[in-house]
Amino acid sequence: MYRASDIARYIIERCKEKDRPISNLKLQKILYFVQAEFLAAKGQPCFAEAIEAWDFGPVVPCVYYEYRMYGGANIPCMGKSGVHRLISAEDREILNGIIDECSRYAASMLVEITHNQTPWKEAYRKGGYNNVITVESIKNYFGED
C-alpha cells in the first residue's frame, strides 16, 4: 500500500506527461477513482488515508491541504520526483489507465459523476462534510459489475 501523497504526486507528474492540466479538485476525484480501481481490480486499497465526502465530492484531506495553496488553478509539476520508483510496474499500469481516462474530463464532470455514485451520496447524506467514504462502500459499489 502506498501513501496518498505519493500517489497524488504520481498523478500530477502523469498529467504533466500527457499535457493535461490538473487542479486540486480534479486531483481529488482522480484519487477517488484510483482507490476504486485498486479495490475492484486487486481487492485492496491503493492507499490507507481516508476519503471524505465533501461538498464537491470525494476528498483525501491530507492531499487537499498539501495543494490547497493553488486554489482552483492548475497544480504545477516541478519535474520528476522519483515517486514512480516507489510504485510497482504492475501498479503503475493500473494507475496510468485510470489517470489517463479520468484526466480527459473536466473537474466539474468528475464532480458530477461522483455525486451520482452511492459511496459519496451515502456518506454525504449522513450529515455532509467530513464523513468518511468507507473502503467497503467503494469496493461494494465498484465491484458490482
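**Entry 1: what I am looking at**

I am working from a predicted model.

**Entry 2: the largest pocket**

I started with the largest pocket, which comes out at about 220 Å³. Its lining has 14 residues, and Leu25, Trp54, Phe56, Val59 and Tyr64 are the closest to the centre. H2 has the largest share, with 4 residues. By class I get 6 nonpolar, 5 polar and 3 charged residues in the lining.

**Entry 3: the second largest pocket**

Next I went to the second largest pocket, with about 160 Å³ of space. I went through its lining and noted Arg9, Ile12 and Glu13 among the residues there, along with Glu66, Tyr67 and Tyr70. The run from Ile75 through Pro76, Cys77, Met78 and Gly79 is in the lining too, and so is Ser81. Helix H1 (4–17) and helix H3 (61–67) each give two or more residues to this pocket. H1 gives the most, with 3 residues.

**Entry 4: salt bridges**

How many salt bridges does a search of the whole structure find? I get 7.

- Asp6 and Arg3: their side chains meet at 3.3 Å, N to O. Asp6 is at 12% relative accessibility, under the 20% cut-off, so I put it down as buried. Arg3, at 47%, goes down as partly exposed.
- Asp100 and Arg14: the closest N and O atoms are 2.6 Å apart. Because Asp100 lies in helix H4 (residues 89–102) and Arg14 in helix H1, this pair ties together parts that are 86 residues apart in sequence. Arg14 counts as buried at 13% relative accessibility.
- Asp91 and Lys42: here the closest N and O atoms are 2.5 Å apart. This pair also links distant parts of the chain, with Asp91 in helix H4 and Lys42 in helix H2, 49 residues apart. Asp91 is buried, with a relative accessible area of 6%, whereas Lys42 is partly exposed at 29%.

**Entry 5: the network**

Last, I checked which residues are linked in a network of salt bridges. I found Arg3, Asp6, Arg9 and Glu66 joined in one. Going back to my pocket notes, I see Arg9 and Glu66 in the lining of the second largest pocket as well.

Key
Residues numbered from 1 in each chain as written. Predicted model: local features only at pLDDT ≥ 70, side-chain atom pairs only at ≥ 80, totals over all residues. Heavy atoms only, no water. 1 Å grid on protein atoms, 1.4 Å probe; cavity = no way out; pocket = protein on both sides within 12 Å on 5 of 7 lines; lining within 4 Å. Points joined across faces, edges and corners; volume = space filled by probe spheres on them. Nonpolar A, V, L, I, M, F, W, Y, C, P; charged D, E, K, R; others polar. Salt bridge = Lys/Arg side-chain N within 4 Å of Asp/Glu carboxyl O. Buried < 20%, exposed > 50% of the residue type's maximum accessible area, 1.4 Å probe, protein only.
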